[in-house]
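Keep the viewer open as you read.

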Amino acid sequence: MAGDPTQAVAPIAPETLLDMASGLALVAEAWAGSLERHPDSRTGLRILAGEDYDVWLLRWPTGTAVSPHHHGDSEAAFVVSSGALEETRWLDGRREVRQLTRGQGATVERGVVHDVGAQVEALSVHVYSPPLARMAFFDDSAQEVLLEESVDPRQDAVIVGGPPIVVHSDGLGAILDKARERISPRIEPRELAAAMDAGALVVDTRPVELRHRDGELDGALVIDRNVLEWRLDPVGSHRLPEASDADRPVILVCDEGYASSLAAVSLLHLGRRNVTDLKGGYQAWRRFTQRQEAAGSGSDKGRSTHRSMTALRVEDVIFLDDLRALGIPWINRLVDPCTSREDVERAWTLIRMWGPDHEDAKDMLQLSAQLPQVKQDVQKTLDLIRLCEEYRR
Ligand SMILES: [Fe+2]
């Protein structure tokens, strides 16, 4: 049996762990039948454990990866038993990638941040010392910890033939990425007011304690997270009147813009067709409005700051020129009416939210002619907008 996890044990040297993993990788098929198979998630089985180490067998369906992580206080090593894995690690700010095939592996010293992924189905053996008790998951650039997860090391020493103890998740970072691929383009704090004006339903899901502490979000509908699905189900009997139109854009707001992305996916499942969230949540919106006020360009709190007409900045002009340079036939009709920074923000938000052929976009921009529905053009525009956003940061 594994010992008391609170009792510190001396770690086994990573090179020894690599030897252990290499040997076990040769016979890993003995456990493979007990390891759950999932079409698109990694699965794991803890196959051996002592007081000072434990061993995991992992199955990697094609296309799966973890997300940058480290193994808490454990030294580690892993070896590919079948298939191939790609390992990425971040060392002194440098990103290094290597391919590992059958029989190949690596030591992962304590604190080293790495990621592992499979481009073909793979099976691998991972050894940790002390037994794996904690993992920390990072953002894509391996700079910021997004989640720390505990792994209970107090499991029976040998499990053969039993059900898998743990199904590894892909990590919160990967789950968030997947959620954000599915929802509509996320809204920046500076775009929120224009989106509201254009008819988006902005929903504040923060708990009452945070709203009392930090303040309300003007113009937003407050819906408690635990009744969100009931209130916004477009055909549900408990829905709010504002929620009846399944196409009405919905922008969810939480405190920092993580939980809202996951909640947005939940609303897609209910049949809403245009759901997104506010990047950075209420906190980012608050910082934005405070900066606006400090810069003297804002008047009242938040929502009204965009109303003050301020002249186009150099960056806005460059942005418009970039859009014109696309050479899309209708692009001039979209950008030429822009005479202020607010117009740019509105045009930008409208293109992102509805595409340039939507009625509201046309009305607001006083477009005189019908805009062609050319999907590739819209995609090109959205790509360029993303580049411009990067530039403007
Ligand atoms: Fe790892």
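This is a predicted model: local features need pLDDT of at least 70, side-chain atom pairs count only at pLDDT 80 or more; totals for chains, interfaces and linings use all residues.

Residues are numbered from 1 along each chain as its sequence is written.

The chain has 13 helices and 15 strands, taken as DSSP runs numbered from the N terminus (helices: H or I, at least four residues; strands: E, at least two). Of its 393 residues, 37% count as buried, that is, with 20 or more other C-beta atoms, placed from the backbone, within 10 Å of their own.

Turn now to α1, residues 14-26. Its buried residues are Pro-14, Leu-17, Ala-21, Leu-24 and Ala-25. Seen down the helix axis, they fall within an arc of 105°, so they line one face of α1; the arc is that of the directions from the axis to the C-beta atoms. These residues pack against β2 (54-60), β4 (75-82), β7 (105-108) and β9 (122-129).

Next come the cores. A nonpolar core is a set of buried Ala, Val, Leu, Ile, Met, Phe, Trp, Tyr and Cys residues joined through C-beta atoms within 7 Å. In the largest, of 33 residues, Ala-21, Leu-57, Ala-77, Val-125 and Val-127 touch the most other members. The elements giving two or more residues to this core are α1, β1 (43-49), β2, β4, β7 and β9. Apart from it lies another core of 29 residues, among them Ala-200, Leu-201, Val-202 and Ala-264.

Methods
A residue is buried if 20 or more other C-beta atoms lie within 10 Å of its own, exposed if 12 or fewer, and partly exposed in between; C-beta atoms are placed from the backbone. The expected span of a helix is 1.5 Å times one less than its number of residues. Two residues are in contact if their C-beta atoms, placed from the backbone, lie within 7 Å.
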